[in-house]
Every structure is written in C-alpha cells, then in structure tokens.
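Student: Here is the model I would like to go through. Please hold each term against its definition.

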Amino acid sequence: MTKNALITGITGQDGSYLAELLLEKGYTVHGLVRRSSTFSTERIEHIYQDVHEDSRLRLHYGDLTDGQALTNLVLEIEPDEIYNLGAQSHVRVSFDQPVYTLQTVGVGALNVLEAARLLNKKKQVRVYQASSSEMYGDVLQTPQTELTPFNPQSPYACAKVFAFHQTVNYRQSYDMFASNGILFNHESERRGETFVTRKITRAAGRIKVGMQKKLYLGNLDAKRDWGYAKDYVEGMWRILQHDEPDDFVLATGRTETVRDFARLVFQQLDLDYEDFVEIDPRYFRPAEVELLLGDPSKAKEKLGWEAATDLEELARIMTEHDLELAKREAHAKSFVPS
Ligand code: NDP
Ligand code: GDR
C-alpha cells in the first residue's frame, strides 16, 4: 500500500532531498509551505507538477507556530510518517531572533508532536524530529554519541534541546513512535547561501569568474563534521523504518576546520584562499561551538547507514555547481540586448 508522508520544511535543503527520496520510493508526499510574497519553492520546482494533475507531491500552506492549523492538516491527511524539518535553522540569526527561533524550533516541534498524538488515537503515525549536533555545544566529550550530555551554546541549540526532550517524552508518555536524528552538519549545492560552506563555494566561483574580489568570514578555526545532505535524508528515512523508535547520531566521523574547507575549495579552482579571505568580526557569534565530531557507530550497526560522500567529494560537487552558476551570472551580466 502507498505510504503517506508529511514533511515540514519541504522547501529547505533537506526537505527537498527527502521529498525526492520518498517520491522515488512510491510515497505520496505532503509538504508544509509558509506563505510568502514571493515563491519559496525553488528547491522543489523540478518535482512539482500542476495541482490539477494526479501528483503525488501535495503542498499545503501552514506554519509550525500555528498549532491548530497543523493539527487540522495532520488529521485530514493522516500521514503514516511525519518528518519535522521546519526550523529557523541559522545559529547566528538565532541570537538576533531568540524568541522566534524558540517558537519555530521548540514550540513548532511540540505542535507537531501534539498533532501526531491526536492522530495516533486513530492510526499509528511515526514522527522524525530533526535534532542537531549543535545541542552538544561546548562539547563535554569527543567524539559525540547518543549518550554525550548536551551543553547548548545558542538560542537555536537550546530550542533544539527542548524539542529533543519533548520527542523522547512523547515516546515514553504516550507509547508513540517518535525518534530523533541527531544530525551533524550536512551540506550540498542546495545549502542556503549564508551557511559557511555554501558561502565559500558561491564566493570562490564568483571570484574565479571575476565577479567578486573578497570573501569575508568569521571564525576560521571552528571544526565541523561535514557530510552530504543526500546521504543524510536516506538516514532519516531509515530511522523511521527501524523496528522501534530510538535516537541516532548521523555523522561522518571526521572533523575539519572552516579554514581547511576554504583551502580545499579555492585549491579546486587553482586559487589560494589566503589571497581572498578576510575576517569580519560581524560573523563571530556571542558564543561559539568550536568542535563537533560525531560517532555514527549506532546508526551503522542498527540501520546499516553510513555517510557515502567524503569531504573532498562534497567540496567538488558544491564547487563545480557554483562555478557553473557564477559563469551563468557573469554571462547574464555581460549580455547587452541589440
Ligand atoms: P533550511 O534552513 O534549509 O530549511 C528550513 C525549512 O524550514 C524551510 O523549508 C523553511 O521554509 C522552513 N520553516 C522555517 N520556519 C518555519 C515555520 N515557522 N513554519 C514552517 N516552516 C518553517 O534547513 P535544512 O534543510 O538545512 O535543515 C532541516 C532541519 O534539520 C532543520 O530543522 C535544521 O535545524 C535541522 N538540522 C540541519 C542540519 C544541517 O546541517 N543542514 C544539521 C542538523 C539539524 P522557508 O523556505 O519558507 O524559509
Ligand atoms: P552551523 O553552520 O552554525 O554549524 O549550523 P554554519 O555553516 O552557519 O557555521 C559553521 C561554522 O562556520 C563558522 N563561520 C561562519 N559561519 C557562517 N554562517 N558565516 C560565516 O561567514 C562564517 N565564518 C565562520 C561559524 O562560526 C561556525 O563555527 C548548521 C545549521 O545547519 C544548523 O541548523 C544545524 O543544526 C547545524 O549546522 C548542525
């Protein structure tokens, strides 16, 4: 029988890859989309068909902060699986918008769990909560596992810790199938342009074609465990197919600095990052997470999941993509209508 899934955050990086994966697997996919004055559906345009055709991808207006509308939607579409990926997901921005961040990331997750609890009285629904390595914060133990204590360092991370515990609490209190994926940083050519990896690959491409002179960054010494988003959405799906609800770290098990990533990207374009990268303190954070390194052993053992793409390959995919994008931008700029 065809399965039915609801994805919050379907217009984001992960939501778009997950929607592709679930459609390939034969699911009907419902996506929650925020109303905005311009279209926000660029990442899923290639899989979206006209609503008047028999499409297995169906979009619904909604917002994680509107719990009543979310409950109505969940009770109407009766999903077998809910993937809660929606979030104000930028750590630096969460210091500027702490309350809004808590509303979407924390209360939003609780709204999803409440809606699922009500549906669960009628049919079993499985819930995936997008938890984050940011919850470990100023790390108390390396590498980080499912048992490492949290020590969050930002409003975003505090809100994710709240959502993590609510997910565990709903599992224990109501016998619900509710699982956390504790995902370490994962990137792609669809990554938002203000996250550091994409900021670097976008700038390097533009520098290569002569459209930009400098790249301004913050802390170059922060270390992150970076994987490829396409690999990670497969892990999310496996977490919900497991025979029991549980919490899993998804990571590569390798950590590198922001500086290393910049060096790698510029090298791939035969450039030296030191000639172009400048430090701008505006990108420093009030509190920084200096080191993240995940131990994905449990996911490997119980789910058979492993990150398939290494950092060099990830940097190559993103750099090639953004060089082509920069070339098209340069071409469009040079075009003079006759
Ligand atoms: P993105 O920032 O790319 O996407 C976030 C999505 O959430 C977008 O679709 C956005 O909609 C939507 N959204 C934001 N606010 C609301 C709201 N109030 N109501 C409904 N939807 C909303 O994030 P990613 O795809 O990178 O990440 C997916 C999830 O995984 C997030 O929860 C993130 O915090 C978490 N995570 C991400 C990691 C990563 O490395 N990428 C690692 C660990 C966890 P819109 O397009 O309209 O802005
Ligand atoms: P992060 O990702 O905070 O880990 O959160 P981000 O790419 O924003 O920062 C990674 C590291 O790079 C440093 N940095 C910069 N960051 C940004 N954005 N811009 C800069 O100019 C810059 N210069 C240096 C940061 O200080 C940081 O140390 C991401 C998000 O996807 C979260 O939603 C997710 O939960 C975590 O990953 C896991």
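Student: Which residues does Ile7 touch, not counting residues up to four places away in sequence?

Tutor: Ile7 touches Gly15, Leu18, Ala19, Val29, Gly31, Tyr83 and Leu85. Two residues are in contact if their C-beta atoms, placed from the backbone, lie within 7 Å. This is a predicted model, in which local features need pLDDT of at least 70 and side-chain atom pairs count only at pLDDT 80 or more, while totals for chains, interfaces and linings use all residues. Residues are numbered from 1 along each chain as its sequence is written, and chains are lettered from A and ligands numbered from 1 in the order in which they are written.

Student: What makes the set that includes Ile7 a nonpolar core?

Tutor: A nonpolar core is a set of buried Ala, Val, Leu, Ile, Met, Phe, Trp, Tyr and Cys residues joined through C-beta atoms within 7 Å. The largest such core has 84 residues, and Ile7, Ala116, Val127 and Leu250 have the most contacts inside it. Domain 1 (4-188 + 226-250) and domain 2 (196-223 + 255-291 + 309-334) both give residues to this core, so it lies between them. The domain bounds come from an automatic or database domain assignment.

Student: What share of the chain is buried?

Tutor: Buried residues make up 46% of the 338 residues. A residue is buried if 20 or more other C-beta atoms lie within 10 Å of its own, exposed if 12 or fewer, and partly exposed in between.

Student: Why does the radius of gyration agree with a compact globule?

Tutor: The rule is 2.2 Å times the number of residues to the power 0.38, with the radius taken over C-alpha atoms. For 338 residues a compact globule would have a radius near 20 Å, and the chain has 20 Å, so the two agree.

Student: Which residues come nearest to ligand 1?

Tutor: Of the 26 residues around ligand 1, these are Gly9, Gly12, Gly86, Ala87 and Ala130. A residue is near a molecule if its C-beta atom, placed from the backbone, lies within 6 Å of it. By class, the shell has 6 nonpolar, 17 polar and 3 charged residues. Ala, Val, Leu, Ile, Met, Phe, Trp, Tyr, Cys and Pro count as nonpolar, Asp, Glu, Lys and Arg as charged, and the others, Gly among them, as polar.

Student: From which domains does the shell around ligand 2 draw at least three residues?

Tutor: Domain 1 and domain 2 each supply at least three. Ligand 2 is surrounded by 21 residues, the closest being Ser89, Ser132, Val196, Gly218 and Ala222. That shell has 8 nonpolar, 7 polar and 6 charged residues.
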